[in-house]
Structure formats: structure tokens, C-alpha cells
Amino acid sequence: MTKQFASAGDMAEKKISFTEIGKDIWAFTAEGDPNTGVIIGDNSVMIVEAQATPELANKVIEKVRSVTDKPISHLVLTHYHAVRVLGASAYHAPTIIMSQKARSMVVERGAEDRESEFQRFPRLFLGYDSIDKVPPLTWPTTTFNDRMTVYLGKRRVDLMFLGRAHTAGDIIIHVPDANVMFTGDIVEYHSACYCGDGHFNEWGPTLEKIRAFDVDAIAPGRGDALVGKEMVNKALTNTADFVNSIYRPVARIAQGGGTLKEAWDAARAECDPKFSDYAIYEHCLPFNVARAYDEALGIDTPRIWTAERDMRMWEALQG
Ligand SMILES: [Zn+2]
């Protein structure tokens, strides 16, 4: 039987949770759909990740207004992907922050990404027509290279680039007074990692840098909030295992002169027994294998996914 493309057939709405994971720090999660973070300072609020559309962002804002009436001053985007950024306009945040690398990827591949992500997962683009028409994705007002600090009154928030992983420009957000971190899609919990724009060999070392912070809680990119060091460490180990379990078998085939289809079979043999019950597993796997195959052959910069390339690759592997 032919599998429907990516998540085109996934129309079941998810249950939203809004959890306090540190003092005045909240995680908006939805059973494997993209998460959003909320950091409440003395006088204003920072939002981490915008959601895919303003309509979805309004669901976040509704939750924020149930716990604070302070204005939203900052929106931080951990990377450029459409499902994370296109809801930005709903927050009316005067400051929108991204890494400089992430901004350069908006310039380089934003238009292609927007088109391809919409085709992959239409449900996540509820109210697509309400999206800011300014092309192609969301533009930051402020960028940085390695790290920057934002003071929300007395509350300090550190934004850092720790290394390449899910994309070349992912950042993490750390709140030292609560020892809580937002990791974007570098860390997932019971959800597949999307590695189609990733850097497999550097992902593990980046996870170890996160582990070194010894945080008390993490809101991952997808999946439940991780509260307590045991949960945090388990998720970090699990994410590393997921990434390596794709890369190792694929690299073995690619470097031995095998085809993409053979690499696909090898990755499935390794990953299906461990991860097939993870959210968006079938969706991610072909993109992950295709990127792992390229990286193993020495292609450093992930090739740009277009709506057309998506379909060709899906036919070749999942079709
Ligand atoms: Zn992403």
C-alpha cells in the first residue's frame, strides 16, 4: 500500500497542554505538534517559537493571558522552519530574535521551505491565509552570532548557538534563575527528529553541550515538557540514539557505494524496532535518510527541499 505523502493525511487535532516548568516559565505542548515557550519577566513576556500560523499563535496567546497580562516584548525563533515562524505577526512583539545563520537561511531557502512545509503538513497551517504576506518566512529585527543576553527586568535570559544540529543555525534559550532550557528541535521527546536539513555528525556533540548545563527542565521542540534531571537526561540520550540510528546504517551503505534505496532499507531495519511509535516517524524518515546519505558522501550544506524534490524523493522511498 502506498503511504500518503508526509503528514498530508494527518488531520486529527491534538490536545493542548500548558505546563509551568519553572517559576513563571511555561511550555505550550500538543502531543508531538510544534511547542512554544513562555518566559514571564518583571514587566514583559518572551515567547519562544511562533507556531505555524497567526490562528495557531492565538491559541498560545489565549493561554498566556490566563497566567499574565504583561505585554509580549520579545519573540525568539530557534530556527527558520515555516511551522515554527509563520505565526509571528499575531504576537505584535517589537523585538524578533534569530541567529544570524538562521536569518541567512531565510534569505537562501525561505521561499522553498514555506512551499514544501505547507505541502508536507497542511493541518499545521490552520488559517494559512491569515499568514503575513511578507515573503518568504519571518524576518527577525535582531540577530546574533554566538550568544546574547536579554534582561526581562531582573530576569536574565541567555540565547546561545551551541553547534549545528537540526539545522545549521539552531539556538537554545536558557533561563539561569530557574535553570530551565528551551531547545527547539535539537531535542525531541517521543517524536521523531526531522533531520532533512540537519548535521548528523555535529548533532551528538551539540546535545552533550546541552547536557553539560545540567538543567532542571527542558521544553523540547515537540513532545511533552521534560521536568526533572532524569527526564532531561533520558530525552538527550534518546535523541542522540535516534540521530545515530539513522546515520550509522545509512553512512555504511553510502560510503560502500550502495544506493539510496539500500540505505533506506538499512535505516528501517535499525530504526523501526525502536522508533516506529514516535510522532511523525514515517513523515521524517525519508527526508532523514536522504540527508544522511548526502552527509556521508561529504555534502556539507543540506540541499534545498522544494515541493517538487519532496515528491520525487517520497515516490522513490515511501511510494
Ligand atoms: Zn525545525
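How does the radius of gyration of the protein chain, with 319 residues, sit beside that of a compact globule?

**Figure 1. The whole protein chain, a predicted model.** A compact globule with 319 residues would have a radius of gyration near 20 Å, and the protein chain agrees, with 19 Å. (The radius is taken over C-alpha atoms, and the globule rule is 2.2 Å times the number of residues to the power 0.38.) Along the principal axes, the C-alpha atoms fill a box of roughly 60 × 40 × 35 Å. Eight helices and 13 strands make up the secondary structure; these are DSSP runs numbered from the N terminus, helices being H or I of at least four residues and strands E of at least two. Residues are numbered from 1 along each chain as its sequence is written. In this predicted model, local features need pLDDT of at least 70 and side-chain atom pairs count only at pLDDT 80 or more, while totals for chains, interfaces and linings use all residues.

**Figure 2. Helices α5 and α6 side by side.** Here α5 (residues 229-255) and α6 (residues 260-275) have axes that come within 8 Å and cross at roughly 155°. (Axes are lines fitted to C-alpha atoms, for helices over the stretch in contact, and angles run from 0 to 180 degrees between N-to-C directions.) That makes α5 roughly antiparallel to α6, a label for angles over 145 degrees. Look for F242, I246 and I253 among the α5 residues that meet α6, whose own partners include A263, A266 and F275; contact means C-beta atoms, placed from the backbone, within 7 Å. The contact's residues divide into eleven nonpolar, one polar and four charged. (Ala, Val, Leu, Ile, Met, Phe, Trp, Tyr, Cys and Pro count as nonpolar, Asp, Glu, Lys and Arg as charged, and the others, Gly among them, as polar.)

**Figure 3. Helix α4 packing with α5.** Turn now to α4 (residues 200-211), which packs with α5 at an angle of about 170°, their axes 9 Å apart. That makes α4 roughly antiparallel to α5. W203, L207 and I210 are among the α4 residues here, and L236, V243 and Y247 are among those of α5. This contact has eight nonpolar, four polar and one charged residues.

**Figure 4. I171 in its loop.** I171 lies between β9 (155-160) and β10 (172-175). I171 is buried, with 27 other C-beta atoms within 10 Å; 20 or more are needed to count as buried. Leaving aside neighbours within four places in sequence, I171 contacts T78, S99, L159, M160 and F161. The C-alpha atoms of I171 and I186, 15 residues apart along the chain, are separated by 8.7 Å.

Note on methods
Angles under 35 degrees count as roughly parallel, over 145 as roughly antiparallel, 65 to 115 as roughly perpendicular and the rest as oblique. Two residues are in contact if their C-beta atoms, placed from the backbone, lie within 7 Å. A residue is buried if 20 or more other C-beta atoms lie within 10 Å of its own, exposed if 12 or fewer, and partly exposed in between; C-beta atoms are placed from the backbone.
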